Every structure is written in C-alpha cells, then in structure tokens.
Amino acid sequence: MNKYYEENSKIIKALSDPNRLKIMDILSCGEMCACDILEHFDFTQPTLSHHMKVLMENNLVNVRKDGQWNYYSLNLMECNKIVLFFMQLITDTEDCICKDKEKCNCN
C-alpha cells in the first residue's frame, strides 16, 4: 500500500473519535490549557491526556509547557495537509487512480 495513504489513514483514524474532533474544534479558537479544554467534557484528566497524546502523535496538536501547565494549539500546517489530501482525493482527475480513463467516474 502506498505510504501516502497509510500516513493519512492514521490521521483519519485519530480524528475518527468524536471527542478528538471536539478538541480540534475547541482548539480552533486558539491555544488553551488542559484544564480549560477539560471543562467541555464529562471525563477525567487522564482520558483527556490520552486523547491529546493521540492528536500529538499525529502532529495535529502542538503542546507548550509553562510551569506545571500544558498549553495546546492546533498544528495548522499539518491540519491543512489532511484537508488538502481530501481535496486531492476527490477532485484530482488528472492523476486519477483509474487505469482506464474512459471508464473512470472522475469526469
């Protein structure tokens, strides 16, 4: 399988959790500490840490430590890459994966 698809599928898997999507939405407002993010959920701090770890491992979220607090923000460059991947996936007719361009449903 193409590495391009493998890498993007890992990111999509990370985003497939509704809580992680909500975290991404919350962080679209700007940098926040974990305690402020946690106020939006009905789960524990260790559960939030798990979700943040998954998002950070996929480079979707940055963390900045300030004293005892962690501050999180979106990694906009990486977030934009996944958006571009989807756009290319559904609109790129010139490099269509179909072998027979005549039978391709891309037109």
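**Helix packing and the nonpolar core**

Among contacts in the protein between residues at least 6 apart in sequence, 50% join residues at least 24 apart. The model is predicted. Its secondary structure amounts to five helices and three strands, which follow one another from the N terminus in the order α-α-β-α-α-β-β-α. The protein has 107 residues, of which 31% count as buried.

Helix 1 covers residues 3-15, 13 residues in total, and spans 19 Å between its first and last C-alpha, close to the 18 Å expected at 1.5 Å a residue. The buried residues in this helix are N8, I11, A14 and L15. They line one face of the helix, because they fall within an arc of 110 degrees when helix 1 is seen down its axis. These buried residues pack against three other helices, namely helix 2 (18-27), helix 4 (45-57) and helix 5 (76-91). The exposed residues K10 and K13 are carried on the face of helix 1 turned away from its buried side. Where helix 1 starts, the backbone nitrogen of Y4 has a side-chain oxygen of N2 within 2.7 Å.

Helix 2 has R20, I23, M24, I26 and L27 as its buried residues. Viewed down the axis of helix 2, these residues fall within an arc of 160 degrees, so they too line one face of their helix. P18 and D25 are exposed on the other side of helix 2. At the start of this helix, a side-chain oxygen of D17 comes to within 2.7 Å of the backbone nitrogen of N19.

The largest nonpolar core comprises 20 residues, and L27, I37 and M52 are those with the most contacts inside it. At least two residues of this core come from each of helix 1, helix 2, helix 3 (34-38), helix 4, strand 3 (69-74) and helix 5. The most is given by helix 2, which contributes four residues. For I37, contacts other than those with neighbours within four places in sequence are made with I23, I26, L27, M32, L48, M52 and Y72.

Technical notes:
Residues numbered from 1 in each chain as written. Predicted model: local features only at pLDDT ≥ 70, side-chain atom pairs only at ≥ 80, totals over all residues. Heavy atoms only, no water. Expected span 1.5 Å × (residues − 1). Buried < 20%, exposed > 50% of the residue type's maximum accessible area, 1.4 Å probe, protein only. Arc of directions from axis to C-beta. Contact = heavy atoms within 4.5 Å. Polar contact = N/O pair within 3.5 Å; in protein donor to acceptor, adjacent residues only side chain to side chain. Core = buried A, V, L, I, M, F, W, Y, C linked by side-chain atoms within 4.5 Å.
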